[in-house]
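Here are some notes to go with the model you asked me to look over. Keep the picture open while you read and check each point as you go.

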Amino acid sequence: MTVVCSKCLEEKPESGFHKNKAAPSGLRLECKACRKSIGMNYRKIPDVAQKSAVRISEWVKKNPESTKAAQRRHAEKNREMRRQYSRLYQKEHRAQDAERSARQRAEIKRATPNWANLDYIAGIYELCALFRRTGLDWHVDHIIPINGKNVVGFHVENNLQILSAIKNISKGNRLNDLDGGCLLPA
Ligand SMILES: [Zn+2]
């Protein structure tokens, strides 16, 4: 047997309606789907929201165990969502990181003349890696930026210095504030 919903006027099976003993048909006039949207809109009314918040907090006080269980369930669900989100984030950012380091590699390649002392340069990077083992964020920095606006430096041993990340960022590819860096022996 089917029933027509008073709200959406769709014909649905009886199972699509909540029971209502007071009603002549024993069913609610509106279908479950409509009932749900009525309920949701109803809860949006500020006074109703306020009252239900109070009711919820009272219920929470009276039912600490059930509340804890519900919080656990929520945390679990949330954890899974966070995991999925961070996977997505990593995937996007891995691509961006790869792009950035490819760009940097290309920049370095372009700025390296054939007379650069590649062994010496490799040594500087090794030294920097050693510095980083202190737990501080050291970077190999171009004293004269290789992608500067006004001056363009070479990727050569005497244009490199090891800087702490903070110094490097504050330098911001401008030719000032070169003090404080660890200048390498020439
Ligand atoms: Zn309906």
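Does L9 count as buried or exposed? L9 counts as exposed, because it has 9 C-beta neighbours inside 10 Å. The cut-offs are these: a residue is buried if 20 or more other C-beta atoms lie within 10 Å of its own, exposed if 12 or fewer, and partly exposed in between, with C-beta atoms placed from the backbone.

1. Ground rules. This is a predicted model, so local features need pLDDT of at least 70, side-chain atom pairs count only at pLDDT 80 or more, and totals for chains, interfaces and linings use all residues. Residues are numbered from 1 along each chain as its sequence is written.

2. Confidence. pLDDT is the predictor's confidence in each residue, from 0 to 100. The chain averages 83, and 89% of the residues score at least 70. Strand β2 (residues 11–13) has the highest mean among the elements, at 93, while strand β5 (residues 182–183) has the lowest, at 43. Be careful with residues 173–186: pLDDT stays under 50 there, and the model has 21 contacts beyond four places in sequence for them. Where pLDDT is low, the predicted coordinates should not be read in detail.

3. The parts list. You'll find five helices and five strands in the chain. Starting at the N terminus, their order is β-β-α-α-α-α-β-β-α-β. Helices (H or I, at least four residues) and strands (E, at least two) are DSSP runs, numbered from the N terminus.

4. Burial and contacts overall. Of the chain's 186 residues, 5% count as buried. Two residues are in contact if their C-beta atoms, placed from the backbone, lie within 7 Å. Take the contacts between residues at least 6 apart in sequence: 41% of these join residues at least 24 apart.

5. Helices α1 and α2, one at a time. Helix α1 (residues 32–44) has 13 residues and reaches 19 Å from its first C-alpha to its last, close to the 18 Å expected at 1.5 Å a residue. The expected span is 1.5 Å times one less than the number of residues. α2 is hardly covered, with a buried count of zero.

6. How α1 and α2 meet. Their axes come within 5 Å and cross at roughly 90 degrees. That makes α1 roughly perpendicular to α2, a label used for 65 to 115 degrees. The axes are lines fitted to C-alpha atoms over the stretch in contact, and angles run from 0 to 180 degrees between N-to-C directions. Y42, R43 and K44 of α1 make the contact with V48, A49 and S52 of α2.

7. L9 is found in the loop between β1 (2–4) and β2, and its phi is near 60 degrees, a positive value in a residue other than glycine. Most residues other than glycine have a negative phi. E10 lies in the loop between β1 and β2 and is partly exposed, with 13 other C-beta atoms within 10 Å. Leaving aside neighbours within four places in sequence, E10 is in contact with C5 and C31. E10 and C31 are 21 residues apart in sequence, yet 8.6 Å apart in space, C-alpha to C-alpha.

How values were computed: Angles under 35 degrees count as roughly parallel, over 145 as roughly antiparallel, 65 to 115 as roughly perpendicular and the rest as oblique.
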